[in-house]
Amino acid sequence: MWGICSRTMVKVGMAKPCGLMKPCHLVKPVSATRVTGRYLTHQKGLPNLPVPPLQQTCERYIAALEPILEVDEMKHTNELVDEFQKAGGVGERLQRGLEKRARNTENWLSEWWVKVAYLEYRMPVVVHSSPGLVLPRMNFRDKQGQIRFAAKLIAGVLDFKTMIDNETLPIEYLAGKPLCMNQYYEVLSSCRIPGLKRDSVVNHAKSSRPPRHITVVHNFQFFVLDVYNSDGTPLTADQLCVQLERICSSSLQTNTEPVGILTTQHRDSWGKAYVNLIKDKTNQESVSAIQRSIFTLCLDGAMPRVSDETYRSTAAIQMLHGGGSQWNSGNRWFDKTLQFIIGEDGTCGANYEHAPAEGPPIVALIDHVVEYTRKPETIRSPMVPLPMPRKLHFNITPEVRKDIEEAKNSMNILAQDLDMRVMVFGHFGKNVPKAHKMSPDAFIQIALQLAYYRMYRRCCATYESASLRMFRLGRTDTIRSASSASAAFVKAFDDPSKQNTEKVALMVKAIKAHRSYTNMAISGQAIDRHLLGLKMIAAEEKLTMPDIFTDTAYGKALHYQLSTSQVPSKTDCVMCFGPVVSNGYGVCYNPMDDHMNFAVSSFNTCEETNAAHLAQAMEDALLDMRTLLERTPAAKL
Ligand code: COA
């Protein structure tokens, strides 16, 4: 039984329905208990996530299937949906169960979501779940420059952390509504812990002794670096520079076993390897220091040299998986919620473990840090000597060595398989759609539909993340970008029998339909999380799974060959992630005012897909849509 969660396909374990619903003592419930005052008042004022009406979701589900199903399949699914929603039917019973849960929880979805979408999802977090983020290439090209920049970056993160700790972060808004700020409290000092069947997340910021150190990894060797002076002030960039130099000069040897690569494994394998690893007390202490740290800083070794043209794509690979065991995949702890990655050649970015947060809070933090690194250093460093950063030791038993070898092999296969293309679309940005009074995001999504249709002559189930942060502890729902309106537009676009005025009218309709779906999703009225909730109630109540969830149409609806997300930022960066199905694409984009950054991924083992081809088709589609608008004056519409 397959259910959809985040952008990923997640097995909702019907074989063990009760297991699904047991409160997991390991899973830290997402809550806002640590914080007080201003923040708590804000959080309390946010509305609860609604449960949409059953009939509305059923109607919208049918509408969403139309562009991706054949007519005869539609007929069968229509019958199943009618049966599901009829008066006195199972749908009503599940709906009542979900409404009851909504009355008794802060957010009926969020705890389930973290479990099902992330902690019970067993594929490696690398590529399959954790996004990478590529920053513009920085202005340094050697070890000294790397260290100096890293020191400023750490100082910038600590500056942001002060705003989190003091609850002075400005409240964010979407469509004029205040957003839940909880995710900001989940990204620092937290870490995912592998389990045998299900992982957990711990957040040490909420402990009575919150951490005062970060972990630094260089040449696969981990160090604890205290980042606060004894008087509680954060270390200055100059102080941090001295400490990073000490770390680098005491980790020059490059033949260390890359223990960090264990975190790239399939979660079941890593769960077992973790038990082996921490049997040893030294290893256990070292792992615990990493888990407890505020974040991890990865000072990377060289990556393969590439031309300027492919630089950003290679940098995206470095951020997403490190390039394989011979490069930097072992210079990571992928379970760590936040890892900053800095190369010697000016490459800079991050990787984050997705369970605690979505991209936008991470990017807001990074925007702040980048701005901070550009400011001149004004704070004078105290003259007190600092303790030597502490190296973390690992005892590598034959069993652990075997696990490391296995992890290297699987990581290298995955690295070989991932195809990544970063495209900077320089012809225009949000400015053009805005000038035509169109939502830029909808314009991009409809261009993507056109690009895909031109490559495959069909539409596919398409996922776009929509924020649910207007609600307390809200995460995401799905905007289904393939609609009947988008299908009508893409089919007409290259049809020579159609007039331009008709094509523009279809474009406007498709863009409006997308924007309207977006509004519905961000206001908690989309279909996907609601259907998941109904399915979870069926599992919880140990009911026979209703036919609509075992229907092949449901499987098709969740087979996202286009998995997409907009992650906007002030900095000229782009986030990237892998496809969620073997024959699909991952597409992440950052629309800036006058250009747009895209990161397109696919798997090399799939003959049908090619990241570079989709990126090219996307560029053509955006340009062709603009040309059509320019050639068709509004008066003619
Ligand atoms: N005419 C002119 N301007 C318009 C317009 C129109 N018809 N419609 C929108 N705009 C403007 C907006 O005012 C906005 O202006 P700004 O640049 O000054 O802010 C801009 O165009 C962008 O709007 P739009 O392109 O419609 O997108 P959005 O900002 O509303 O974002 C989503 C849409 C779906 C991306 C957003 O709602 C969301 O949910 N984001 C979170 C996604 C997420 O969590 N991703 C991470 C997953 S890891």
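Reader: Hello! How many salt bridges does the structure hold?
Author: Happy to start there. Keep in mind that this is a predicted model. Over the whole structure, the number of salt bridges is 31.

Reader: Which residue forms a salt bridge with Asp199, and why does the pair tie together parts that are apart in sequence?
Author: Asp199 sits in the loop between strand E6 (190–193) and strand E7 (200–203), while its partner lies in the loop between H6 and strand E3 (132–134), so the pair ties together parts 77 residues apart in sequence. The closest N and O atoms of the two are 2.9 Å apart. The partner of Asp199 is Arg122.

Reader: Nice. How far apart do the C-alpha centres of domain 1 and domain 2 lie?
Author: The domain assignment gives domain 1 as 6–17 + 32–118 + 426–636 and domain 2 as 123–417. Between the C-alpha centres of domain 1 and domain 2, the separation is 31 Å.

Reader: Which element gives the largest share of the side of domain 1 that touches domain 2?
Author: Helix H2 (37–44), helix H6 (110–119), strand E18 (574–576) and strand E20 (596–603) each supply at least two residues of that side. By class, the side has 18 nonpolar, 15 polar and nine charged residues. The largest share is five residues, and the element that gives it is H2.

Reader: And which residue forms a salt bridge with Arg312?
Author: Glad you asked about a particular pair. The closest N and O atoms in this salt bridge are 3.8 Å apart. The partner of Arg312 is Asp572.

Reader: Turning to the ligand, how far is an oxygen atom of the ligand from an N or O atom in the side chain of Lys434?
Author: Of the 24 residues around the ligand, Lys434, Ser439, Asp441, Ser467 and Arg515 come nearest. For the side chain of Lys434, the distance from its N or O atom to the ligand oxygen is 2.8 Å.

Reader: Which residue places a polar side-chain atom 3.2 Å from a nitrogen atom of the ligand?
Author: Lys437 uses its backbone instead, with an N or O atom 3.0 Å from a ligand nitrogen. The residue with the polar side-chain atom at 3.2 Å is Ser565.

Note on methods:
Residues numbered from 1 in each chain as written. Predicted model: local features only at pLDDT ≥ 70, side-chain atom pairs only at ≥ 80, totals over all residues. Heavy atoms only, no water. Domains from an automatic or database assignment. Salt bridge = Lys/Arg side-chain N within 4 Å of Asp/Glu carboxyl O. Helix = DSSP H or I, 4+ residues; strand = E, 2+ residues; numbered from the N terminus. Nonpolar A, V, L, I, M, F, W, Y, C, P; charged D, E, K, R; others polar. Near = heavy atom within 4 Å. Polar contact = N/O pair within 3.5 Å; in protein donor to acceptor, adjacent residues only side chain to side chain.
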